[in-house]
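Thanks for coming. I will go through one model today, starting with how its chains meet and then moving to what lies inside them.

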Amino acid sequence: MNMPTLTDSLQFLFAGLTNGAIYALIALGFCVVHNTMGIVNFTQVDLVSLGGMFLYSALFLFGLPMPLALAGAVTAAAVTGMAVERVGIRPSRSDNHLVLIFLTIGLSVILRGIMKLAWGKNRMAVPPLTADEPIRLFGATILPQILWIFLLTAGAVLLLIWIFRRTTLGLCMRAVASNADAAAVVGIDGGRIRMISFAIAGGMGGLAGALVTPITTLSYDVGVLLGLKGFAAAILGGFGSFVGAVAGGVLLGVLESLAAAGLSSAYKDVIAFGLLLLVLFIRPAGLFGSAKR
Amino acid sequence: MTPRDRIRYFFSSHRTGLSVCLLALFLLVYPAWVGNPYLLGISNLIAVYLIAVIGLNLFIGYAGQISLGHAAYLGLGAYGSALLTVHLGINPWLAMAATAVAVGLTAFLVAIPTLRLSGHYLAMATLGFNIVCYTVMMQWDRVTGGPSGLAGIPHLSLAGVAIDDETRFHYLAWGAAILVLTLGLNLARSSLGLALAAVAQNETAAASLGIQVHRAKIRIFVLSAVLASVAGSLFAHCYTFINPDSFTIFNSVELVTMVVIGGLGSIWGSLFGASLIILLPEFLHFFETFRDIIHGLIVVTVLILLPQGLVSGLKDLLRMRLLRKANNARN
Amino acid sequence: MLEIDGISKHFGGLPALEEVSFRCREGMTTALIGPNGAGKSTLINCIAGTLNPDAGAIRFTGRRIDDLPCHRRPYLGIARTFQNLALFPRLTVLENVLAGLTPEAEQSFVKSLLRLPATRHRERLLRLKAMAMLDNFGLADKARWPASVLSYGDKKRVEMARALVAGPRLLLLDEPVAGLNGAETARIAMEIRRLHGAGLTILLVEHDMDLVMTVSDHVVVLDGGRLIAAGAPQEIRTNPRVIEAYLGRMSVTA
């Protein structure tokens, strides 16, 4: 194998950053729900697929223009997230985390079944946000879609941090996260907060799906591997921490891409997850996690 | 003690053993009763899965841990058996045993660091391990045959008779399944089973009573991996063909749903869960398209109504009702 | 019997225990008291092995135990109860008590899988022993109930039964009567006196001063992680430093 040139390396770096941004978005969705409920929400992976599906339908079924379609897809994914919480999770009064996690797995199976039914099992293509003219940057070419991914991801992350740090809603969410009982005592409606956290998770996942499917393809299970890598990113960052999730996502994306370039693209999942296992064995609470939980 | 009391005492103190004997007896005559190879094929699949599900239930239901990657051990068992017999021409029984030992060792090495993790980190680690195994099975095509799989795996044979039809395999698979069921029931009722259940419910208290928490988890994890490996080997030698699609994370999730529906910590529940999930597609022939939805709905409904699973949940309900009644009668 | 020698424990830089030393003599009931946050539970957890001290030594019958893993200590004869109940909620009352017999139970994986007659016999004996202990606590008729449905007082008693069933030499009681009513408290107090009469060594953490004064031979007072007084109950009652520690806190909180 030849040593990759500088330009090639740059190309791989961009590809890695792109994936990293997507993983980060998904990881944030996992973290938001984890922070309010203490569980892994496996429906997150389907909310990613749904983002792409909704974008597809908005464009081709309703003929909406791209900006509206994107906004619609993200909103619809957020609403789906809320519905999942309200219909699927809240009726269970179990406080056993194992049971709640299995519940989200069951809900995830249902969501995939519904997607198969509504959109079929075939692979579909979604157009990028803007024209497909590649841009040259330091000798590497990048698609405008990739710039959009960076831009919108950054926007979403900042928005999330702003909500959590600066708004009453964010304060309530942090209160529920640190002590649900105490939050209930001071009059915070825990159910509503959990529903909102699912909405945010849905929005994040939906945005990730809508952004990434133009450069991959779209199918009912496209979100599974992406979603699990998002989960991996969240774990790498010490589950629950927003900064950790973004750092974990970018790290995972870049390492995966560089490993695929330098070693073997067929084994890039092996490398990504192998690395994750290694990190977990050395630092059981993730790279940025402090407390062992 | 009147003779009647004596009989009642005999039945109540041997209820588990008698139930197993009854099941064995039923399975002994089952092939003569149905004869249809297609139906036998389905019940054989239940037997193979049951072996893995009991192991997984000991890990999830008793030890209270989470594993979303048990299909990996099923796959390692199947591929281990297949590679040793197809490429090296080793006797299938020997291959099966060697694979089980190797998988047990692998699980042990994986378990030492992995089981120090808790909850979500453990879920991720087991998922990750499954994805790694699956990708290797897919990509290392010179050895594993890649996506097109491995064919020509020899049947097992016993005393010169090849176990190559559904009836013969029925006796082998169910014989193994009944053995594992008995061992599982024994373990569950032993002091060690009690210690495992204690670990699942409160690790700190368990440790302060003298239970070696980490060691107990590792032991049960290794046992469940070995059982999955044996199930995988049986699967490979029964169908003589395997490919990676049987060992994905979705299969791991399916194994977990079998455990969950049957009941966390109920060995009999595992039999029910494995049977239900495997029979379900047969009932749902007409609405193939709704299969996933119905499958998911069952899991969700069970978990919402009876969080401990159908068999354990109903057992708990019944037990509470009987106790209340006994209590009211006394007062 | 039990020697605590210069034990210190810090949580993220904050000292919870600072160079605490005292000893529990064989057959005596030692009470450990102090205001909230004084480090009493931390100390109990260090002795039981749930926490590891940062410095100092703990000796039990002359042998150092502070580097021993938690699960080895019951084998030496150390048993404990928990401040916030730590029963196994889905196990029955009998099974909870049986779990306390772990040091005497079958440890072999293979033998448990095979359930040989010898193993079954051994388990039957353990079961009888556990039932006898439940009978002592007046809980025999609830043996088959899941622990989660018991009343708070019953749960506390099951925990006592679970700690005592293996016949320990040292019993660590972490607030055994917290949250109990008068009658239930009297019952536990009677039980403690009975155990004391039988020669068991007890280390008792408790806020209920009446209980402490009536059952203990020796009282040790902690405040802010430091040992501030030790002596007979009557001396402690009149010790100015102890009064100040309690009253000082009260004037701040009141």
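Let me begin with chain C and chain B. In this predicted model, 30 residues of chain C are in contact with 22 residues of chain B. On the chain C side, two or more residues each come from helix 2 (73–76), helix 3 (93–99), helix 4 (109–114) and helix 5 (117–136). Helix 4 of chain C gives the largest share, four residues. Sorted by class, the side of chain C that touches chain B has 17 nonpolar, six polar and seven charged residues.

Now the other contact of chain B. Here 39 residues of chain A are in contact with 34 residues of chain B. Helix 4 (97–119), helix 9 and helix 11 of chain A each supply at least two residues of the side that touches chain B. Which of the elements of chain A gives the most to that side? Helix 4 of chain A does, with 16 residues. By class, the side of chain A that touches chain B divides into 27 nonpolar, eight polar and four charged residues.

Two pairs of chains are in contact, and chains A and B share the most contacts. What about chain A and chain C? Those two chains do not touch, and their nearest C-alpha atoms are 11 Å apart.

Next, a pair of helices inside chain A. Two packed helices are described by the angle between their axes and the distance between the axes. For helix 9 (residues 222–236) and helix 11 (residues 268–282) of chain A, the axes come within 11 Å and cross at roughly 25°. Angles under 35 degrees count as roughly parallel, and therefore helix 9 of chain A and helix 11 of chain A are roughly parallel to each other. The crossing of helix 9 of chain A past helix 11 of chain A is left-handed.

Which residues make this contact? From helix 9 of chain A they are A:Lys229, A:Ala232, A:Ile235 and A:Leu236, and from helix 11 of chain A they are A:Ala272, A:Phe273, A:Leu276 and A:Val279. In the contact of helix 9 of chain A with helix 11 of chain A, seven residues are nonpolar, none is polar and one is charged.

Back to chain C, for its strands. Strands of a sheet pair through backbone hydrogen bonds, either parallel or antiparallel. Six strands of chain C form an open sheet with mixed pairing, in the order 6-7-8-3-9-10. At the edges are strand 6 (78–80) and strand 10 (226–231) of chain C, each pairing on one side only. From one strand to the next, the twist averages 15°.

Within that order, strand 3 (residues 29–33) and strand 8 (residues 201–205) of chain C run parallel and are joined by four bridges. C:Thr30 has C:Leu203 in strand 8 of chain C as its bridge partner. Helix 7 (residues 182–197) of chain C lies across strand 3, strand 7 (170–174) and strand 8, running at about 150° to strand 8 of chain C.

There is also a hairpin. Strand 1 (residues 2–11) and strand 2 (residues 14–24) of chain C pair in the antiparallel sense over seven bridges, with C:His10 opposite C:Pro15. Two residues lie between these strands, and C:Gly12 in the turn has a positive phi of about 50°.

Last, the domains. Chain C is divided into domain 1 (38–73) and domain 2 (89–167). Taken over C-alpha atoms, the centres of domain 1 and domain 2 of chain C are separated by 26 Å.

Definitions and conventions
Residues numbered from 1 in each chain as written. Chains lettered and ligands numbered in written order. Predicted model: local features only at pLDDT ≥ 70, side-chain atom pairs only at ≥ 80, totals over all residues. Axes fitted to C-alpha atoms, helices over the stretch in contact; angles between N-to-C directions. Parallel < 35°, antiparallel > 145°, perpendicular 65-115°, else oblique. Left-handed = near helix turned anticlockwise from the far one by under 90°. Contact = placed C-beta atoms within 7 Å. Nonpolar A, V, L, I, M, F, W, Y, C, P; charged D, E, K, R; others polar. Pairing = 2+ DSSP bridges. Domains from an automatic or database assignment.
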